[in-house]
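Please read the following report alongside the sequence and the coordinates.

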Amino acid sequence: MSDTVAAAWRAVEREGERLRTLSLRTLFARAPERFASFSFGHEDLLVDLSKEKVDRPALDALLALAEAAELPAWREALFTGRRVNATEDRAALHMALRGGTDPDVAVGGSAVLPEVEEVRERFLAFARDVRSGRYGACGGGPFTDVLHIGIGGSHLGPEMAVRALRPDHDGPRVHFVSNVDGSDLADASARLDPARTLVLVASKTFTTLETMTNARSARRWLEGAVAGRAAAHMAAISSNVEAAADFGIEGDRVFGFRDWVGGRYSLWSAVGLPVAIAVGPDRFRALLAGAAAMDRHFRGAPLERNLPVLMGLMSVWRRNVMGWPSVALIPYDQRLGRFPAYVQQLAMESNGKRVARDGTPAARPTAPVVWGEPGTNAQHSFFQLLHQGTDVVPVEFIIAAEARNAVGGDHHRLLVANCLAQGQALAFGRTGEEAQRAPTASGAAGPDADRLAPHRSFPGDRPSTTVAHRRLDARTLGRLIALYEHRVFVESVLWGVNPFDQWGVELGKALAERLQPALAGAPLPAGTDSSTAGLVVHLRRSAAG
């Protein structure tokens with residue numbers, strides 16, 4: 001770490017020491033119009049940081065840290081195709097898939113965009129053929145259902161987007177399988193007609209153990225209805241055309257993506273095929289356009305008004321300065337129910353690193369634990385801990401101004417009111433004196449109110465960010481996803497880690513492959529520890545009855 005960066009970190013930490021003793025109530029009392037100073041917009045997106053425990057000197061120190069860490073230079077390296085993924089010697093050009101980079105960006109001397117456009121046109125043409133019935137079931141007629149098989153980034157992105165865009169569905173029904181637990185495939189396929197189902201297999205290498213196990217079982221399921229022609233009911237999202245051909249899938253139904261696209265950043269590639277089938281190519285292009293708009297904002301906006309930069313700085317502030325290791329992501333939108341899981345992978349697989357880019361130990365704690373569920377459901381489960389628990393858990397709310405449902409009535413106003421009320425309650429709480437004055441549900445007063453006051457008081461001073469937008473559609477979803485992608489990149493620069501590799505998933509995969517034969521009765525691998533060996537023996541005996 002350079003002396004300049006170290007000095008910038010010390011300045012940020014001094015601001016933290018100063019603010020740690022000041023409550024959000026105090027910060028708002030000193031500056032009642034904090035919203036005007038700490039809310040930032042781009043198009044109809046608004047990011048409100050006024051309920052975060054920062055003030056102008058702290059934010060200025062964080063911006064100075066971003067400059068000292070050379071965030072602008074790293075950002076330009078990302079967009080221009082430099083090999084920012086140093087451990088795998090690769091660029092990270094998922095932005096090129098949505099037109100967010102320069103038109104002449106190249107990798108290895110070859111222009112990227114012509115290939116991107118060629119593959120995009122191929123898989124979108126296939127989506128149109130499936131939707132129209134031009135490519136249909138062997139027995140005649142269009143496919144009524146699509147069963148998508150993948151795991152990790154090739155699963156979470158499409159599943160999240162298909163669910164989020166449900167009002168736009170006008171194609172075949174789309175279902176998802178990821179877990180190698182056979183229950184996942186069994187439940188997903190139980191009500192489907194294999195004679196009218198298209199199976200998509202998403203695996204860049206076409207060797208992913210879980211995905212290929214599910215794919216082989218799905219092929220057997222199809223064979224029961226279209227004997228000898230199951231492969232005609234299958235398509236692949238993979239760069240390994242040869243392996244897909246060996247599996248029986250013809251090359252015209254194999255859609256690849258390059259190694260400069262990481263799995264958790266791959267929704268914009270052919271991995272988005274199930275989204276395009278569900279909502280159509282035009283809406284898929286709108287998804288890309290929204291993400292590209294956020295790319296342009298991230299690349300061009302000044303740091304002090306740059307939404308991904310500001311959100312990344314807040315994340316680093318919470319994690320490293322305030323010492324809060326967890327963040328709850330709460331979309332007040334049922335259709336964004338899988339968005340917390342998507343961001344969880346994006347943040348924790350990208351930045352959950354204990355070593356810096358140069359292989360030395362990370363100087364500070366890195367990625368926070370990201371988790372969450374949709375509001376208002378979450379209010380009736382874990383919000384008790386958020387409000388009155390012994391740990392501070394920052395919250396990020398996502399809310400739309402306009403609903404997309406046919407229910408009408410007061411549903412959306414009640415939803416928005418709950419979202420805003422939760423942020424207000426977290427920030428300002430309720431003192432013991434206020435709790436004594438406030439009526440209980442039973443109207444308790446006097447001595448009973450005194451007795452209950454400690455239970456009914458809220459400490460407050462619990463930070464939150466609110467991300468507001470007008471309406472959840474394909475373009476807005478693209479902007480939200482890209483906002484969080486770039487936020488994660490900003491964090492990585494300040495922590496000095498590589499957000500584009502994931503070596504931490506390799507060891508478990510290798511060990512699972514070694515243990516699988518032992519569970520079928522083969523000898524245990526040499527050197528197996530006593531705990532694992534004992535569990536293998538126990539489970540074999542239990543399975544045998």
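This is a predicted model: local features need pLDDT of at least 70, side-chain atom pairs count only at pLDDT 80 or more; totals for chains, interfaces and linings use all residues.

Residues are numbered from 1 along each chain as its sequence is written, and side-chain values use heavy atoms, with hydrogens and water left out.

**Overall form**

The protein chain contains 21 helices and 13 strands, these being DSSP runs numbered from the N terminus (helices H or I with at least four residues, strands E with at least two). The C-alpha trace spans about 75 × 60 × 60 Å along the principal axes. Of the 545 residues, 52% are buried, where buried means under 20% relative accessible area, exposed over 50%, and partly exposed in between (1.4 Å probe, protein chains only). Among contacts with a separation of 6 or more, 74% are between residues 24 or more positions apart, a contact being heavy atoms within 4.5 Å. The chain exposes about 23,300 Å², of which carbon and sulfur atoms supply 52%; accessible areas come from the Shrake-Rupley method with a 1.4 Å probe, and for residues only the protein chains shown count as cover.

**Salt bridges**

The structure holds 36 salt bridges, each defined as a side-chain nitrogen of Lys or Arg within 4 Å of a carboxyl oxygen of Asp or Glu. Three of them are listed here.

| Pair | N to O distance |
|---|---|
| Arg364 and Glu13 | 3.2 Å |
| Arg318 and Glu396 | 3.2 Å |
| Glu402 and Arg470 | 2.8 Å |

Arg318 lies in helix H13 (residues 307-321) and Glu396 in strand E12 (residues 395-400), so this pair ties together parts that are 78 residues apart in sequence. Both Arg318 and Glu396 are buried, and they belong to a network of salt bridges that also links Glu52, Arg487 and Glu491. In the pair of Glu402 and Arg470, by contrast, Glu402 is partly exposed at a relative accessible area of 34%, and Arg470 is partly exposed at 44%.

Arg75, found in helix H5 (residues 71-79), is buried yet has no salt bridge, and the nearest side chain of opposite charge, that of Glu76, is 5.5 Å away. Leaving aside residues up to four places away in sequence, Arg75 touches Phe298, Arg299, Ala301, Leu303, Asn306 and Phe489.

**Backbone features**

A cis peptide bond joins Gly375 and Thr376, with omega about 15 degrees, and Thr376 lies in the loop between E11 and helix H15 (383-388). Asp89, although not a glycine, has a positive phi of about 55 degrees; Asp89 lies in the loop between H5 and strand E3 (106-107) and counts as partly exposed at 47% relative accessibility. Asp461, likewise a residue other than glycine, has a positive phi near 60 degrees and lies in the loop between helix H18 (447-456) and E13.

Technical notes. Lys and Arg count as positive and Asp and Glu as negative; His and the chain ends are not counted.
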